[in-house]
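This report goes through a single structure, taking a metal site, a sheet with its helices, and the domain layout in turn.

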Amino acid sequence: MHEYVCTLPGGYFDPEGKLHREVALRALGGYEEELITSGLQTPPRQITRLLQRCIQRIGDITTITEEIARDLLVVDREFILLMLRKITFGNVVVAKLACPWPDCLKPIDIDFKIDDVPVSALEDIQPDYACMLYDERLGASREFVFRLPKGRDQEHISHHLDEDESSLLTQLLSHCLLRIERDTQIDAHKVRDLSAAIRANLEIEIEARCPSIDLTMELTCPECSRSFVAPFELQDFFFGEVKTNIELLYREIHYLAFHYHWSEAELMNMPRTRRQRYIDILSSEIEKINDKAH
Ligand SMILES: [Zn+2]
């Protein structure tokens, strides 16, 4: 099967501590399209399963488990989603938005290329990082050791999304904080006990080392000429795009099975570009037959 090789902005540390940055991917097939439209699991969990199926290799690791997909950094998971979008649906994104100004609300067409989305590699990638933060309550600095957010943290936090921002930060920090001074048994209680300033600074420290892929776009409405910022959520966009195509998937499978007599399993494993190539060939053949008949 055709593989697409790219370099992760972060990287994966295997259990021996070796860093792997190169990944080989394959495009989504029918099973993966079905998987992420099923809605049976939270999006982070679905992304884990999708990545487990579509990553063919990370460095020299060729057996990709869900645990490995879960262990990938959030930024790497976003990057892989972006690449999967490119190899499955193409490099050009065309979308429709509505102008957010209430007295306008006119539809706006936007298009951009996946290759133009700025993704910068993480500098100085490490399994964990240490920082000294001043604790105003102790009147002294304390050492904090943390790791960057991973897929497993997103999976945990997706069950708490109805909670307020402060408790979401508690969840995130209780996963990412590995050590406070000598204490390595970090739980939500200890994180909650930290001062607001320390909690805020830890969030800044983590974000500074692990930027997420920013798809936010500054746009100008062609109707009213006012500008606005469109928050383009990668995950929502990716899922939305697959969902709008799911009815088409079954019709394509039916069409190909009807004419070629291939099994459903074979067709479901086929990437969408290949499916569509066969459909194009079939359509032109059928057209030729129809032309002769007239
Ligand atoms: Zn407008």
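Cys104 counts as buried in this predicted model, because its relative accessibility is 13% and the limit for buried is under 20%. Cys221 is also buried, at a relative accessible area of 1%. Both residues coordinate the zinc ion through SG, together with Cys99 (SG) and Cys224 (SG), at 2.3 Å. The angles subtended by the 4 donor atoms run from 103 to 114 degrees, so the arrangement is tetrahedral. For reference, the ideal angle for four tetrahedral donors is 109.5 degrees.

Along the sequence, the donor residues follow the spacing C-x4-C-x116-C-x2-C. Cys104 and Cys221 are 117 residues apart and link distant parts of the chain. The table gives the loop that holds each of them.

| Residue | Loop between |
|---|---|
| Cys104 | strand E4 (92-98) and strand E5 (107-113) |
| Cys221 | strand E9 (217-220) and strand E10 (227-230) |

The next topic is the sheet. An open sheet is formed by 3 strands in the order E1-E2-E3, with antiparallel pairing. Strand E1 (4-13) and strand E3 (55-58) each have a single partner strand and stand at the edges, so one side of each has no neighbour in the sheet. On average, and ignoring direction, neighbouring strands here are turned by 30 degrees against each other. Strand E2 (residues 19-25) runs antiparallel to E3 and is joined to it by 3 bridges. Ala24 stands opposite Arg57 in E3.

Helix H2 (residues 43-54) packs on this sheet, where it touches E2 and E3, and its direction makes about 75 degrees with that of E3. Helix H4 (residues 74-89) lies across E1, E2 and E3 and runs at about 170 degrees to E1.

Which domains does the assignment give? It lists domain 1 (4-120 + 229-239), domain 2 (129-209) and domain 3 (245-293). The C-alpha centres of domain 2 and domain 3 are 52 Å apart.

One further residue is described here. Met132 lies in strand E6 (residues 129-135). Is Met132 buried or exposed? Met132 is exposed, because its relative accessible area is 54% and exposed means over 50%. Leaving aside residues up to four places away in sequence, Met132 touches Ser141, Arg142 and Glu143. Met132 and Arg142 are separated by 10 residues in sequence and by 5.5 Å in space, C-alpha to C-alpha.

Methods
Residues are numbered from 1 along each chain as its sequence is written. This is a predicted model: local features need pLDDT of at least 70, side-chain atom pairs count only at pLDDT 80 or more; totals for chains, interfaces and linings use all residues. Side-chain values use heavy atoms; hydrogens and water are left out. Domain bounds come from an automatic or database domain assignment. Two strands pair if DSSP finds at least two bridges between them. Helices (H or I, at least four residues) and strands (E, at least two) are DSSP runs, numbered from the N terminus. Axes are lines fitted to C-alpha atoms, for helices over the stretch in contact, and angles run from 0 to 180 degrees between N-to-C directions. Contact means heavy atoms within 4.5 Å. Buried means under 20% relative accessible area, exposed over 50%, partly exposed in between (1.4 Å probe, protein chains only). Donors are N, O and S atoms within 2.8 Å of the metal (3.2 Å for Na, K and Ca); water is not among the atoms, so sites may look incomplete. Four donors count as tetrahedral if all angles lie between 85 and 135 degrees; four count as square planar and six as octahedral if opposite donors are over 155 degrees apart and all others between 65 and 115; anything else is irregular.
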